[in-house]
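Please have the sequence and the coordinates open as we go.

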Amino acid sequence: MSITRDIQYKFKTLTVAEKLIVINVGVFIVNALFVFLMQQRQDVIVQWFQLPKGFSDFILQPWSIVSYAFFHANFMHIFWNMILLYFTGRIFLNLFNPKMFLNVYFLGAIAGGILFLLSYNLFPAFSGINTALIGASAAVMAVLIFICTYMPYQEVRVIFFNIKLWHLGAFFVLLDLIQIPMGNAGGHLAHLGGALLGFIYAKKLGEGRDIGRGFEKGVDAMVNFFKRDKKSPLKTVHKNKNTSKAGSDISKSEYQRKIDEILDKISKSGYDSLTKEEKDFLFRAGKE
C-alpha cells in the first residue's frame, strides 16, 4: 500500500505536461503488452480510438477526435512526441497556468483531427486511400507553435547552439509541408492543423482574448456533471488577486498590469532578460 501511495503522490506532484507524458507512455505500454500476450492484431484496441478518415465512420466514434492523440504507431513515434512535449511544456508552464496548457494541447489535437478529416474528404490526391490518424503530434505542435508565436525572439539551446523560437517553429512547419507528398500525408496535415491552432491562439492571446476559455468552461461543466461527489463539486475558482501570494500587496488591475508588462518584455527581449524578482513573480502567478 505504501508503494501505491508513493506512486500516487509522485504522480500528483508532476506538472500537467509530465502527467500527459505518463498517460501516453502508459497507454503505449499497455496496448503493446496486450497485443503481444494475447497474440492479437496491432490495431485490435487502437481501432476503437483512432480517427478514421471517413465522416460516416467518425460519426460512429466521435470521441476519436481526441482519443486518437493517446495512441502511437511505434516506439520512435511516441519517443519524439514525448521529448518535444516535455521541453515545450516546461517553457509553456513557466509562463501560463495548467488549464491554458490543456486548452492549447487538446484544441491542437482537435484542430489537427479536423484538418485530417477535411483533407481526406476534399482533395482528390487522397481518394481511395485507406488510413486513420493516431499520435499526439498535432497537440504537441500546437504547444510548440504557441510558444514560438507568443515569444518569437526567445532563444533556446539546441544541442551546441542557440536558436530563436520562431526559427524553430518555422523549421517544423516547413518540414511538415515538404513531407506531405512523400508519405504519411495525414500525419503531416494533422501537425499543420495543430500548428495553426497554436499560432492563432497565441496571436489572439496577445490581443487580450483567450480563445480557449469556452473550451475550458465546457470541460469544467462536463466534469461537474459526471462528478459523483455532490458535496464538493468541481468549480472553476476565480481567485481574488488582492489576496494571492504574487499580488497580496497590489490591486487586481496593478497585478494584471505587472503580468502584462513582464510578458511583453519576454516577447521583445526573451525570458532571460527578466530580473530574478520578475521571474519569481511570474512563476508564482503561473501556479495560481
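Predicted model: local features only at pLDDT ≥ 70, side-chain atom pairs only at ≥ 80, totals over all residues.

Residues are numbered from 1 along each chain as its sequence is written, and side-chain values use heavy atoms, with hydrogens and water left out.

By that definition Phe-126 is buried, with a relative accessible area of 11%, whereas Phe-123 is partly exposed at 46%. Rings of Phe, Tyr and Trp (for Trp, its six-membered ring) are said to pair if their centres lie within 6.5 Å, and planes under 30 degrees apart count as stacked, over 60 as edge-to-face and the rest as tilted. Phe-123 and Phe-126 form an edge-to-face pair, with 6.4 Å from centre to centre and 70 degrees between the planes.

Across the whole structure, the search finds 18 aromatic pairs. In one of them, the rings of Phe-96 and Tyr-150 have centres 5.1 Å apart and planes at 85 degrees, so this pair is edge-to-face. Helices (H or I, at least four residues) and strands (E, at least two) are DSSP runs, numbered from the N terminus. Phe-96 lies in the loop between helix H5 (75-93) and H6, while Tyr-150 lies in helix H7 (residues 137-150), so the pair ties together parts that are 54 residues apart in sequence. Phe-96 is buried at 7% relative accessible area, and Tyr-150 is buried at 14%.

Let me turn to the helix packing. The axes of helix H2 (residues 16-37) and helix H6 (residues 98-122) come within 10 Å and cross at roughly 45 degrees. Axes here are lines fitted to C-alpha atoms, for helices over the stretch in contact, and angles run from 0 to 180 degrees between N-to-C directions. Contact means heavy atoms within 4.5 Å, and on that basis H2 contributes Val-16, Ala-17, Leu-20 and Asn-24, against Pro-98, Phe-101, Leu-102, Tyr-105 and Phe-106 of H6.

Further along H6 we come to Gly-113, which is buried with a relative accessible area of 0%. Setting aside residues up to four places away in sequence, Gly-113 touches Leu-51, Ile-65, Tyr-68 and Leu-133.

In H2 we find Asn-31, which is buried at 11% and, leaving aside neighbours within four places in sequence, is in contact with Gln-42, Ile-45 and Val-46.

Finally, what is the sense in which strands S3 and S4 pair? Strand S3 (residues 155-158) and strand S4 (residues 161-164) pair in the antiparallel sense over four bridges, where pairing requires that DSSP finds at least two bridges between the strands. The bridge partner of Val-156 is Ile-163 in S4. The two strands form a hairpin with two residues between them, and Ile-159 in the turn has a positive phi of about 60 degrees. Ile-159 is exposed, with a relative accessible area of 64%.

Terms used:
Buried < 20%, exposed > 50% of the residue type's maximum accessible area, 1.4 Å probe, protein only.
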